Amino acid sequence: MKLIDVTVPLNASLATYPGNTPFSLEGIKRIARGDSSNVSSIHMSAHCGTHVDAPRHFFDGGGDADSLPLDLLIGRTRVIEITSRTGIEAADLAASNLSEDIRVLIKTSNSRLWGDPEFHKDYVGVSESGAKHLVEHGIKVVGVDYLSVERFRFPGAPAHHILLGAGTIVIEGLNLSEVDPGVYDMYCLPLRVADSDGAPARVVLRRS
Ligand SMILES: [Zn+2]
């Protein structure tokens, strides 16, 4: 059984979305300092690295990370590759004929950015027309390979509003560099963080 881990490691060299709390590990207890065990505290934004956005991210009163439906986050998933370097438009997605899919992961040039601790503002995001296309074609889960589905600070955040508003789950921060386009089984397990607008997740693909 070949598993492909598409989760980015949480470490000090992980790029962070501007304004979000970067990941850090703080040694609360250390054997080297005379403590009986090693115990760390983890500091990070709920949107660090590979994570799932809950509806509450853009809608007060929307569902929190604890209410994300696992039956949508596990199952047959299509990985498509888009070569656009700006916004992912409806026309870019149309070529993939998504009508039989409910889960899609979009591989772009973004996956090559993960080796760099610097945040790249010119990453590829989903445009308004792209988000509408996904919803209209019945997509319930969409995953992207950098830290936001939205183009950087795009006015009105249309992709988040359209997708989360339609009940489509958004997975962000995937590393798809080792994944060829095709059909996989996905296991996406966000932590049950009550009241949170997002939660870190482990995401693994298995060739189906
Ligand atoms: Zn997010």
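Start with the second largest pocket, whose lining comprises eight nonpolar, five polar and two charged residues. Here Ala, Val, Leu, Ile, Met, Phe, Trp, Tyr, Cys and Pro count as nonpolar, Asp, Glu, Lys and Arg as charged, and the others, Gly among them, as polar. This is a predicted model in which local features need pLDDT of at least 70 and side-chain atom pairs count only at pLDDT 80 or more, while totals for chains, interfaces and linings use all residues. Residues are numbered from 1 along each chain as its sequence is written, and side-chain values use heavy atoms, with hydrogens and water left out.

**Pockets**

Select Thr7, Val8, Pro9, Trp114 and Asn175: of the 15 residues lining the second largest pocket, these lie nearest its centre. The space in this pocket is about 160 Å³. A pocket is an open set of points on a 1 Å grid over the protein atoms alone, where a 1.4 Å probe fits and protein lies on both sides within 12 Å along at least five of seven lines; lining residues have an atom within 4 Å of a point. Grid points are joined across faces, edges and corners, and the volume is the space filled by probe spheres set on the points.

Next, go to the largest pocket, with about 190 Å³ of space. Of its 15 lining residues, Tyr17, His57, Leu147, Ser148 and His160 are the closest to the centre. Its lining divides into five nonpolar, six polar and four charged residues.

**Zinc site**

Now select the zinc ion together with His47, His51, Asp53 and Glu172. Its coordinating atoms are ND1 of His47, NE2 of His51, OD of Asp53 and OE of Glu172, at 2.0 to 2.3 Å. Donors are N, O and S atoms within 2.8 Å of the metal (3.2 Å for Na, K and Ca); water is not among the atoms, so sites may look incomplete. Along the chain, the donors have the spacing H-x3-H-x1-D-x118-E. His47, in the loop between β3 (39-43) and β4 (51-53), and Glu172, in strand β10 (residues 169-172), are 125 residues apart, and the pair links distant parts of the chain. Helices (H or I, at least four residues) and strands (E, at least two) are DSSP runs, numbered from the N terminus.

Which class does the geometry of the zinc site fall into? The site is irregular, with angles of 78 to 173° among its four donor atoms. Four donors count as tetrahedral if all angles lie between 85 and 135 degrees; four count as square planar and six as octahedral if opposite donors are over 155 degrees apart and all others between 65 and 115; anything else is irregular.

Colour by accessibility: His47 and Glu172 are both buried. Buried means under 20% relative accessible area, exposed over 50%, and partly exposed in between (1.4 Å probe, protein chains only).

Asp197 is partly exposed, at 29% relative accessibility.

**Nonpolar core**

Select Val6, Ile171, Val179, Met186, Cys188, Val203 and Leu205, the residues with the most contacts inside the largest nonpolar core, which has 22 residues. Two or more residues each come from β10, β11 (182-190) and β12 (198-207), and β12 gives the most, with four. A nonpolar core is a set of buried Ala, Val, Leu, Ile, Met, Phe, Trp, Tyr and Cys residues joined through side-chain atoms within 4.5 Å.

**Single residues**

Select Asn97, in the loop between α2 (90-94) and β7 (103-107). Asn97 is not a glycine, although its phi is positive, about 45°. Its relative accessible area of 53% makes Asn97 exposed.

In that loop between α2 and β7, go on to Asp101. Is Asp101 buried or exposed? Asp101 counts as buried, at 5% relative accessibility.

Arg153, in the loop between β9 (141-144) and α4 (158-165), also has a positive phi of about 45° without being a glycine. At 55% relative accessibility, Arg153 is exposed.

Finish with two glycines. Gly34, in the loop between β2 (24-29) and β3, is exposed, with a relative accessible area of 64%. Gly125, in strand β8 (residues 125-126), is buried, at 1%.
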